[in-house]
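Thank you all for coming; I would like to walk you through one structure, starting with the whole chain and ending with a single residue. Please have a look at the sequence and the model first.

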Amino acid sequence: MNLINSIKNTITFDYNTKKNNFSCIHIGYGIDNNFARCTGTSITSFCINNPSNNFHFHILISNISSDNIIKFKLLSKKYSTIITIYEIDTFFLENLNLPTKQYWKLPTYFRFILPQILKEYTKLFYIDADIICINDATSLFNINLDNNIIAAVAEPNNKIILQRCSTLNLKRNIYFNAGMLIINIKKWNQLDIFKKLILELQTNPDKLECLDQDALNIVLQDNVKYIQDYYNYLILYNRGKNLTLTNSKIILLHFAAIPKPWHLAWTLSPNCNSFTKNIYKNYEDNSPWKNTPLVIPSHYKDIRRYAKYLKQHKLYLKSLKWYIKYSIAKIKQLYIK
């Protein structure tokens, strides 16, 4: 099975009523079924804040549920837009023996594939599912790549990032976040970037802490246009950046840290404040995923984190209950190993 043949099904919902009036903006996501709700929320945010734009959203996904397919159809209809779902058989990628981690599963590599699937188009805006658009994004859509392969936002320089640059031998000591990429599709495919990325991952898996993102930084370091941070404004912890958020300039808000806003632990986390608390929920409530229950922590690391947050908020009995759950989950994990 080759890459393109691994697309086992394609579903397009086209309720676009603006197709003859505006050029199309292509936005892509690479997910599994667990991230359908936030992808739908991300799409909702683009449509609400850019009502005059003609969008075609491309979702590369593994194991999508029938319920989520119906919801994407409803979403396409509600916002008069185009959504294409590409169901992928991951067997091709599995055979490449690519490294994975708890928060970096196989779908993280789907962003490598989208430029080949969308080869008839010129430019792709790749967006992580945990990114929402909170203002008009016209300036983003108008960015000229100036003959570069991608445009991206550099992560804030601090000790951790500088160490990452050193480990990866990045010439300019600049490390970009791959959650938002503007991709020159033609150049990406002409230079066979997919093959170069896979080779990097297979050759140096031990030094690639952030897997696909590290590989992208290595392979594309000489072909990046660096753009302002408000096009991919990162909500992170322990990165040495003082987060003073304002709504006025941020275009894309990236919930890069754990827990996410759709997690049970979100409202207790350090990243939840008066600005961030409900901003994701407000968009999800305008999508077909409204009233979807919050995700309860199941991995022992997430359970421990939630227990710690409960303790910090002086919810001691509840915290004890979750620490017990953490101990049981940790033992089970050790037993499985």
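Predicted model: local features only at pLDDT ≥ 70, side-chain atom pairs only at ≥ 80, totals over all residues.

Of the 337 residues in this chain, 54% count as buried, where buried means under 20% relative accessible area, exposed means over 50%, and partly exposed is what lies in between, using a 1.4 Å probe and protein chains only. Residues are numbered from 1 along each chain as its sequence is written, and side-chain values use heavy atoms, with hydrogens and water left out.

Taken along the principal axes, the C-alpha atoms fill a box of roughly 60 × 45 × 45 Å. Among contacts (heavy atoms within 4.5 Å) between residues at least 6 apart in sequence, 77% join residues at least 24 apart.

Let me now turn to one residue, Arg172, which lies in the loop between helix H6 (159–168) and strand S8 (176–184); helices here are DSSP runs of H or I with at least four residues, strands are E runs of at least two, and both are numbered from the N terminus.

Leaving aside residues up to four places away in sequence, Arg172 touches Gln221, Val224 and Tyr226, and its side chain reaches the backbone oxygen of Gln221 at 3.1 Å. The C-alpha atoms of Arg172 and Asp222 are separated by 9.1 Å, although these residues are 50 apart along the chain.

Definitions and conventions
Polar contact = N/O pair within 3.5 Å; in protein donor to acceptor, adjacent residues only side chain to side chain.
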